[in-house]
Amino acid sequence: MRPLLRAESMVPVAGLVTFLLVFGLFGGPSDPAPAARWVGLGVLLAPAAMVYAQRGAAAWAAILGAVLWTPLATGFPAVLAVWVYAAVAVLVARLDAAPAPLPVPHRRPPPPYALPHVAAPAEVGGFVLLVASAAGVVWVGVDDAAVPWLAVTVAAFGLGCALLTRAVRAQAALRRLFTVPQPVHAVRAVEQEGYVHVLLPSEDGSTAREFAFDVAEPEPRHDEDDVHTEAAVLYGDPREGSWCALEVGERLHVPVGPVGPVIEVPYDVVEGLPREIEDDEEQLVDPDALRPADRDADAFQPREHRISPRRAWTATVAIGLGAALAAAELCRFAGLPRTTLIVVAALAAAAGYEYAWRSQLRPRLRWHVGGVASVGFRERTRQPWATDSAIVHDDEGTVVLTAGEAVLNVPVPAPWPSRSHQRTADQLVAALRDTRIRALEISPLPPPPWIDAPRRPAALFLLWAATVAATTSIVR
């Protein structure tokens, strides 16, 4: 799920809102022809799918869709909705804007013996989708019953164009890497089969940026048991998604893919490797992050964390109601009977509220010096503290807790409203680390605290019923 929860997700969310507004509140296209609404739906679907393949192509598709919808719309509000959708796609595409040149020497890399053909899967997938969309147009032309497939055909055509654009841009970026002066960096590198591992030390030598990328020339694995790095020269901008070449001695490594995730690690200047971090150093407690209640709490007093109720219930209603409205609107759009619409809306609302219950309302964590107990999306667990227990957070609203034989992912979104009593990720990490340190100093220890899996509250079922009623009254 996490790859979907990125900046690109703004485009499908905006597309869903636009669909509900245009086809629900504003009445759909003004053209009564059956093909009009399916083509209109297709141009709304296309950017939402294309943005995960190529942001720039998705922005152009959204603009063209807004141009198409301008004469089709029934009024100014509908026109405004589709152009706001296009603006969201353009803003997301702007995130790919090239950064300012780095203040380092620039020079062209040595010429490669040949440039490999890159992004072949995207190229093949793009051609397949274009052929399939052409077949869809032919099918619609000979069979009037196939008109609803126009939406899928338009979306497939857009996604095919996005994949081909991705392939073309990747090949162009590779050519530009060897024809335009590039930033030059002194790095340490490990050559491995089909890819290189790079460390770019900081100016003070205390940290280094660590990343890897695939290369065209496979290098035999080293016979030595110990991994070591070699001095190398990196050409290019060392950031995720950029293209870089690596020169190690007289060997030039030509990339076949962009740079992967870039992380910052402690660096050992003498060994030329990431510096090992002692567990005790990694698990230090930030005293400024400790709440007074956690700082003064008794070691044996159970404490609990859960998402703030107001935020959890707000998210639950949004998920359940959004799922029901979207499903009902699709049924109405497809011309299904009202009974079918009610059944589908009820099932979609049930699925939405069940997911929201498990992801927002159900999760909770309880702990004291004896250990931790948690209720998650599916499971319930109790684990004692151990010497190798660790607590970190990933800066994306999740605390990863290793205790006993379990690895727990605890959701910790930002507290909302701000005056809620929910801990932030830093505060929860500090409280857990403080308890773990105290547990290692106490003997004997009690068992982990007990925790019961909560039952679905009656309000959840009342919300489901109200959602189904509201949906059937809104979608007519």
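This is a predicted model: local features need pLDDT of at least 70, side-chain atom pairs count only at pLDDT 80 or more; totals for chains, interfaces and linings use all residues.
Two residues are in contact here when heavy atoms of one lie within 4.5 Å of heavy atoms of the other.

Leaving out residues up to four places away in sequence, I307 touches A312, S359, Q360, P411, P413 and Q422. The C-alpha atom of I307 is also separated by 8.6 Å from that of R423, although the two residues are 116 residues apart along the chain. The relative accessibility of I307 is 3%. Buried means under 20% relative accessible area, so I307 counts as buried.

Once neighbours within four places in sequence are set aside, the contacts of S374 are R364, L365, E379, R380, T381, L408 and I451.

Attention now turns to the aromatic rings. A pair of such rings is described by two values, the distance of the centres and the angle of the planes. Rings pair if their centres lie within 6.5 Å, and the model holds 7 aromatic pairs by this rule. One of them joins W38 and F333, with 4.5 Å from centre to centre and 75° between the planes. Planes over 60 degrees apart count as edge-to-face, so the pair of W38 and F333 is edge-to-face. The partners come from distant parts of the chain: W38 lies in helix α2 (residues 34-50) and F333 in helix α9 (residues 309-333), 295 residues apart. Both W38 and F333 are buried.

A second pair is formed by W139 and W149, whose ring centres are 5.8 Å apart. Their planes meet at 35°, so this pair is tilted. W139 is part of helix α5 (residues 120-142), while W149 is in the loop between α5 and α6 (150-179), so the pair ties together parts that are 10 residues apart in sequence.

Together with F19, F23 and W69, they form one aromatic cluster.

Technical notes
Residues are numbered from 1 along each chain as its sequence is written. Side-chain values use heavy atoms; hydrogens and water are left out. Rings of Phe, Tyr and Trp (its six-membered ring) pair if their centres lie within 6.5 Å; planes under 30 degrees apart count as stacked, over 60 as edge-to-face and the rest as tilted. Helices (H or I, at least four residues) and strands (E, at least two) are DSSP runs, numbered from the N terminus. Buried means under 20% relative accessible area, exposed over 50%, partly exposed in between (1.4 Å probe, protein chains only).
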